[in-house]
Amino acid sequence: MSNVAKVKIQGLYGLPTTQTPVTAAVLETVAAYFRRHRGRVLGLTGAGVSVPSGIPDYRGSSGTYRVHGHYRPILHHELVSQHASRQRYWARSFFGIRPAFHAEPNAIHRAFVSLERTEHLAGLITQNVDGLHLTAGSTNVLELHGTLKNVQCLSCKQIESRDSFQGILETLNPGWTEFHRSMARSGVEPARRPDGDVDLPPELRYEDFAYPKCRQCHTGDYMPTVVFFGGNVSDAVRSQSHRMVDDASALFVCGTSLATFSAYRLVKQAREQGKEIMVVNFGETRGDKEATAKLEAAAEDILPHVATMLAQELGCP
């Protein structure tokens with residue numbers, strides 16, 4: 001990629017980096033990568049893939065950590081052990097989850113579906129918890145950090161859909177429900193984060209929010225089926241992610257800064273195995289040194305075009 005013209009921009013952490021102009025030559029470089037490893041490319045995606053769907057990221061130029069420097073996420077140990085932390089989480093999620101449910105897959109998600117259908121892509125590992133890869137139609141997807149679609153009892157492990165759980169929260173908190181409806185009628189929505197969290201309106205207090213005990217064991221508390229900050233990926237998911245890297249001949253990293261070690265270690269594994277690693281991300285990533293090729297560009301400017309090129313070569317619509 002050294003012969004590709006580049007333009008200086010400010011990187012993720014304010015450091016100088018470069019932007020790759022998306023030319024026909026750049027698109028051909030990415031297409032050639034997929035041809036070279038056809039059927040054995042593993043995708044690794046992050047929050048940047050869902051930004052065009054209206055779901056904000058954490059570390060991008062308009063991400064939560066940039067725009068809200070004071071933002072502090074709820075940590076795993078706080079959620080499982082502290083009533084006040086559960087009130088804070090469920091109160092904020094009460095407002096943020098519905099828009100997340102209504103998000104639609106974008107051109108990047110659809111491009112990954114196309115690459116799978118044309119047998120260029122073996123599968124996907126995503127750090128996203130929004131479920132949009134599956135909604136788009138991708139079939140071989142490992143959700144590394146879980147999904148917002150469900151909640152699980154911490155005691156008996158019973159699982160309930162997040163949608164039905166929202167209905168229970170609305171019944172338990174009628175004042176909050178009416179306030180939410182009035183916000184919707186006015187067209188005002190609080191700023192959302194990738195995990196469905198929001199800034200709580202000043203008219204409401206966490207201390208007043210009620211949440212239910214488990215409907216099965218009647219003693220346990222629920223939490224979303226996602227990996228919170230400070231939590232760990234399950235042994236089963238971690239093992240599956242490593243097997244997927246083992247089975248691939250190339251790793252395509254897209255829309256992620258690889259700030260979480262659970263994702264970065266997969267890049268390290270691929271590098272140690274001598275596999276070709278291509279990174280497409282607008283901003284620096286933790287895995288830039290491991291990358292065989294790095295394109296400093298937005299995925300939506302590259303992947304849909306490449307997927308179309310490859311599909312047309314095979315006579316696919």
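**Notes on the predicted model**

1. Let's start at helix H5, where asparagine 106 caps the N-terminal end: one of its side-chain oxygens lies 2.7 Å from the backbone nitrogen of isoleucine 108. Residues are numbered from 1 along each chain as its sequence is written, and side-chain values use heavy atoms, with hydrogens and water left out. This is a predicted model, so local features need pLDDT of at least 70 and side-chain atom pairs count only at pLDDT 80 or more, while totals for chains, interfaces and linings use all residues. Helices (H or I, at least four residues) and strands (E, at least two) are DSSP runs, numbered from the N terminus.

2. H5 covers residues 107-117, and its buried residues are Ile108, His109, Ala111, Phe112, Val113, Leu115 and Glu116. Here buried means under 20% relative accessible area, exposed over 50%, and partly exposed in between (1.4 Å probe, protein chains only). Their cover includes helices H1, H6 and H11 and strands S3, S4 and S9, with contact meaning heavy atoms within 4.5 Å. After H5 comes glutamate 119, with a positive phi near 65°.

3. Helix H4 (residues 83-102) has 20 residues and reaches 29 Å from its first C-alpha to its last, close to the 28 Å expected; the expected span is 1.5 Å times one less than the number of residues. H4 also has a kink of about 45°, centred on phenylalanine 94. That bend is the angle between axes fitted to the seven residues ending at a residue and the seven starting there. Because 15 of its 20 residues are buried, H4 is largely enclosed by the rest of the structure.

4. Tyrosine 89 is in H4 and phenylalanine 228 in the loop between S8 and helix H9, 139 residues apart. Both tyrosine 89 and phenylalanine 228 are buried. Another pair, phenylalanine 95 with tryptophan 176, is tilted, at 6.1 Å and 35°. Phenylalanine 95 lies in H4 and tryptophan 176 in helix H8, so this pair ties together parts that are 81 residues apart in sequence. For these pairs, rings of Phe, Tyr and Trp (its six-membered ring) have centres within 6.5 Å; planes under 30 degrees apart count as stacked, over 60 as edge-to-face and the rest as tilted.

5. On to the strands. S6 (residues 146-153) and S8 (residues 222-226) pair in the antiparallel sense over four bridges, and glutamine 152 has methionine 223 as its bridge partner in S8. S6 and S7 (residues 159-161) are antiparallel too, over three bridges, with valine 151 partnered by glutamate 160. Strands pair if DSSP finds at least two bridges between them. Five residues separate S6 and S7 in their hairpin, where lysine 157 takes a positive phi near 70°.

6. Lysine 294, in strand S11 (residues 293-295), deserves a look. Its relative accessible area is 15%, so lysine 294 is buried. The lysine 294 side chain makes polar contacts with the side chains of aspartate 288 (3.2 Å) and glutamate 296 (3.1 Å). A polar contact is a pair of N or O atoms within 3.5 Å; within protein, one must be able to donate a hydrogen and the other to accept it, and residues adjacent in sequence count only if both atoms are side-chain atoms.
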